[in-house]
Amino acid sequence: MKKIQKPEIDVDYVSKLANLPLSNKEKGLFEKQLKDVLSYIAKLNEIDTDKVEPNSHITDLANVTKGDKTFPSLSQDEALKNASKTYNGFFEVDAIFEEQ
Amino acid sequence: MKNVSDLTIREASDLLSSKQIKAQELVQAYLKSAHGQNKKLNSFITICDDAALNQAKKVDKLIANGQKLNPLAGIPIGIKDVFSTKDIRTTAGSRVLENYVPVYDATSVYSLNNANACIVGKTNLDAWAHGSSGENSDFGPTRNPYDLSRVPGGSSSGSAVSVASGSSLAAMGTDTGGSIRLPAAFCNVVGLKPTYGRVSRYGVIAMASSLDCIGHFTKTVYDNALVLNVTAGEDGFDSTCTAQKPDDYTKDIEKSVKGFKIGIPKEYFENLDMKIKGLILEAVKKLEKLGAQVEDISLPNTEYGVATYYIIQPSEVSSNLARYDGIRFGKTREKFGSEAKRRIILGTYTLSSGYYDAYYLKAMKVRRLIRGDFVDAFKRVDIIICPVSPTLPFKLGEKVSDPLQMYLADIFTVTANLAGVPSLAVPCGFIGDLPVGMQIIGPDFSEKLLYQVGYAYERETKWYRVRPEI
C-alpha cells in the first residue's frame, strides 16, 4: 500500500487537469495552504489498513434499476433555457479542434 | 395571540386550521420579517413574495373548502439556495450560477410544495455548501442573530438564521460534514442530518455525493419531525434513496425515554471547552433523571475523521464541479470563488494518477473503520450524545485566512457523514448570550428514536423560547 508522501502539490499541473484557470497569486496561496492540509491528512499513515476493505458508500443497495418505461421529461426549449449560446435548437460550443 | 414570529409550526398549523389566522396573513408577516432583517442578517439571496403569496392564497381556499391538509400547509419555509426550484433563481451562493433559473424542482421541494408549504425565499450559504461559517458566500456573509459580530455557522447559514430570526418556520438545508448541525447549534435551532438515503438528493446541487444528506431546521423537535414526514421516502430519481418505508416521525414522540441507553463517547469530551462540556453533561443528566441510563463508550477512530473527510469530500467535489463549464447553464469556471477552487485543486490532486491509492483509497478504508466504531457502539447503547462544535460561534473573519483551522470546526460532525448515521442537533443552553448545541446520534434509520429523545429533553428545557434580539 502506498503511503501518503511528504506533501508536494504542483498546483500549476493540477489546475490544468481540473481545467481550472488560476492566477499566479492563487497558485502561490493554494500551494502553501494545501501543503498544510496535506500534512494534516498524513496522520492517516498511523493506521494500518492493509486488511481493511474500502467503503465507498454506506447503503447496502446494489444494482438499483428502474422499469424500462418512458415518462415525460424536459422539452428541448426547457433544456436549452439556461444555455449561454444556442444554435438551431442545440447547445453551441467553441471549436475544440483547430482548423487545418 | 402570540407574536407570529414566536410561533412554532404546530401552533401556526392549529391557528390556520381553526381559522384564527389566514395563510396569507401568516406568510405576509414572515415575508415582511425576511425583507426587514435581510440588511442586517443577509439570510436570503432571493425572497419569493409572489410565489409564497400565491401558494398561501391557494391554502386559504382549501381551508375555506374544509379540506384536510398536511400540517405544513400555509407554513412559511426557507430553502437553501442549493435546491433546484422551478422558475426561481438558484445560485448555490456562487457567481457561477448567479443567473441560473432551474426548469424543475428538487424532489424535496416538490414534496413540500405538494404539502402546500409556502416558500418565502432561497437562503444564503457558503458557495456550493463549502464552509463552516457562512462567510464563503459570493453574496456576502450571513450574520448570527444572537451576536451580529459572529458567524452563524455554515454552510446552511441562511436557513438556520431564517428560522432563528423568525423569517421562516422551517428551512431546508444540506449536511455533508456538519452543514446543518453546526449552524443549528450556533443559532439555537433544531437541525436534522438524516441517515444517508433517507431523503432524496435529486435536484439538490451535489457537493460530495457519498456524504450529502438533505435535512432541515425548525425551532422545535416536534416541528422537525413534521418536516421529515414530508421529505422522507423513496425516489426513483435518486437510486441511493432507500425503498425502506419511512416512519410516522411524530407518532410516539411523547413516549418516555425510560430505559434508553445513552453512550457518551470519551473522544468527544477530551480537551473540550469546560463550559461546553458542562452544558452537554447537564443535558445528559436531565435525560438520566427521566429514566435513561448512561454509559461511557469509545469511538476510537474519531481523531481520523477530519483527515478522512478532507480526502473524500474534495475528491467528490472536484468531480461534481467538473460539470460547470458554462455551456449548458451557468458561467465559466474562472467565476468560482477561492474555496471552491481550493477544493477542486485538492480533490483533483488526491484523485490523480499515482496518488489515488495513497489518498482516496486509504480514506475509504479508514471510512469503514469509522463506520465500524458506530456499528459496534450501537450494539451496546441506543443513542450517542456528544457536542456539535468544539467552540462557540466565532467572530466573522477569525478563520477565513486559515483553511485548516476552518476545516477543524467540523471535527465532531464529519464522523456521522462518513458513517452515514443520522444525527439530530438540539439546543442545550447558552454560554453568555451564545447558544450551544448537542448531537443525538443513532443507528441507521433511527430518526424516530432521535426525535423521541430530543423531544423529552426539549420539554424540560424549552431553549427555543430564548429568542434573539435583533
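## A tour of chains A and B

Select chain B: its secondary structure comes to 14 helices and 11 strands. Helices are DSSP runs of H or I with at least four residues, strands are E runs of at least two, and both are numbered from the N terminus. Everything here is a predicted model, in which local features need pLDDT of at least 70, side-chain atom pairs count only at pLDDT 80 or more, and totals for chains, interfaces and linings use all residues. Residues are numbered from 1 along each chain as its sequence is written, while chains are lettered from A and ligands numbered from 1 in the order in which they are written.

**Chain B as a whole**

Zoom out. The radius of gyration of chain B is 21 Å, close to the 23 Å that the globule rule gives for 470 residues, so chain B is as compact as a globular protein of that length. That radius is taken over C-alpha atoms, and the rule is 2.2 Å times the number of residues to the power 0.38. The C-alpha atoms fill a box of roughly 65 × 60 × 45 Å along the principal axes. Of the 470 residues, 63% count as buried. Buried means that 20 or more other C-beta atoms, placed from the backbone, lie within 10 Å of the residue's own.

**The core**

Next, select I75(B), I77(B), C118(B), V120(B), I383(B) and V453(B). Of the 164 residues in the largest nonpolar core, these touch the most other members. α11(B) gives the most to this core, with 10 residues. Such a core is a set of buried Ala, Val, Leu, Ile, Met, Phe, Trp, Tyr and Cys residues joined through C-beta atoms within 7 Å.

Centre on V120(B). Beyond its neighbours within four places in sequence, its contacts include V27(B), Y30(B), I47(B), P76(B), I77(B) and S168(B). Contact means C-beta atoms, placed from the backbone, within 7 Å.

**A run of strands**

Now show β10(B), residues 423-431. β5(B), residues 190-193, pairs with β10(B) in the antiparallel sense over three bridges. Strands pair if DSSP finds at least two bridges between them. Find L192(B): it stands opposite L424(B) in β10(B).

On to β11(B), residues 434-441, which runs antiparallel to β10(B) and is joined to it by seven bridges. F430(B) has P435(B) in β11(B) as its bridge partner. The two strands form a hairpin with two residues between them. Click on G432(B) in the turn: its phi is positive, about 65 degrees.

**Helix α9(B)**

Select residues 305-320 of chain B. At 1.5 Å a residue, these 16 residues should span 22 Å, and the end C-alpha atoms are 22 Å apart, which agrees. The expected span is 1.5 Å times one less than the number of residues. Of the 16 residues, 14 are buried.

**Where the chains meet**

Show both chains. 48 residues of chain B are in contact with 46 residues of chain A. On the chain B side, α9, α10 (338-351), α11 (357-380) and α12 (403-407) each supply at least two residues. α11(B) gives the most, with 13 residues. This side divides into 25 nonpolar, 12 polar and 11 charged residues. Ala, Val, Leu, Ile, Met, Phe, Trp, Tyr, Cys and Pro count as nonpolar, Asp, Glu, Lys and Arg as charged, and the others, Gly among them, as polar.

**Chain A**

Last stop: chain A. Its elements run α-α-α-β-β from the N terminus on. A compact globule of 100 residues would have a radius of gyration near 13 Å, but chain A has 23 Å. Buried residues make up 15% of its 100 residues.

Key: A residue is buried if 20 or more other C-beta atoms lie within 10 Å of its own, exposed if 12 or fewer, and partly exposed in between; C-beta atoms are placed from the backbone. Two residues are in contact if their C-beta atoms, placed from the backbone, lie within 7 Å.
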